[in-house]
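Let's take a friendly walk through the aromatic rings of a protein. Have the sequence and the 3D view ready as you read.

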Amino acid sequence: MKLRTLFLIISIFFCCFKVNAGAPRIDLNHVKAKARQSLTFCRQRGYNTRYCILIDMSLPSGIRRFMIWDFKKNDTLMSGLVSHGCGRNPWNGVWSKDKPSFSNMDGSHCTALGKYEIDGRAWSAWGIHVKYYLNGLESSNNNALARQIVFHSWERVAENEVYPNGTPEGWGCPAISNNTMKTVDALLKKQKKHVLLWIYQ
C-alpha cells in the first residue's frame with residue numbers, strides 16, 4: 001500500500017511538472033521591443049524615463065503578464081497577474097481567460113488596448129483601497145476616464161500563477177493582486193513624472 005501511495009505521489013508530481021513546463025511564457029524579445037518603443041514615446045511626451053508598466057494581453061490571464069519595466073536596467077523589475085474585462089460574459093468568471101475581447105465603448109465591460117498615462121492617486125473600494133486614474137492616449141482607449149477605467153488591486157487576483165486556470169474578470173480595469181499593488185504603489189508615489197502603462201497584444 002505504501003509503495004502504491006508513493007507511486008501515486010510521484011505520478012502527480014511529474015504530471016504537474018509537465019503542465020507547468022508547457023505553460024506559455026513572456027517573449028522577452030517582444031517585451032524588449034515594446035520597452036524600446038515605450039522609452040521613445042516617454043522621451044517625446046516628457047513622461048517618466050526610468051519605469052513603465054507593460055501588460056501583454058496575448059498571454060492567458062493565469063500567466064504573469066503584468067510587468068514593471070526598468071529602462072535603466074533594460075529588464076523586468078517585477079511581474080504579476082492582471083485581470084481583463086469580462087465583456088459579455090458574467091462578471092468574476094474566467095470565461096475569456098485565453099481570448100479576451102477588447103473595446104473602448106462604454107458599457108462593453110472590455111479592456112481597451114493602447115497606451116495610458118497613469119494619473120492621480122485616489123481611494124478605491126477594491127483591494128488595498130488605492131487606485132490610479134488612467135488617461136487613454138490613443139483612439140483605441142480614449143474613453144477610459146468616461147468609462148471609469150482605473151488601475152487598482154483586487155483580492156480575487158492571485159499572487160502566483162494559476163495557469164491553466166484564469167484570473168477573474170472585471171469590467172475592464174487592469175486589476176492586480178494586493179501585494180503587487182503595495183509594491184507598485186510605493187514605486188509610483190516616488191515618481192515625479194507620469195508613468196506610462198501600455199496594454200498590448
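Predicted model: local features only at pLDDT ≥ 70, side-chain atom pairs only at ≥ 80, totals over all residues.

Residues are numbered from 1 along each chain as its sequence is written, and side-chain values use heavy atoms, leaving out hydrogens and water.

How many aromatic pairs does a search of the whole structure find? The search finds 6. Rings of Phe, Tyr and Trp (its six-membered ring) pair if their centres lie within 6.5 Å; planes under 30 degrees apart count as stacked, over 60 as edge-to-face and the rest as tilted.

W91 is partly exposed at 39% relative accessibility, whereas W154 is buried at 3% (buried means under 20% relative accessible area, exposed over 50%, partly exposed in between, with a 1.4 Å probe and protein chains only). W91 and W154 also form one aromatic cluster with W126.

Now find W198 and Y200, an edge-to-face pair with 65° between the planes and 5.6 Å from centre to centre. W198 is buried at 6%, and Y200 is buried at 3%.

The charged end of K115 sits over the ring of W198, 4.0 Å from its centre (NZ of Lys or CZ of Arg must be within 6 Å of the ring centre and within 35 degrees of the ring normal). K115 also lies over the face of F41, at 5.3 Å from the ring centre.
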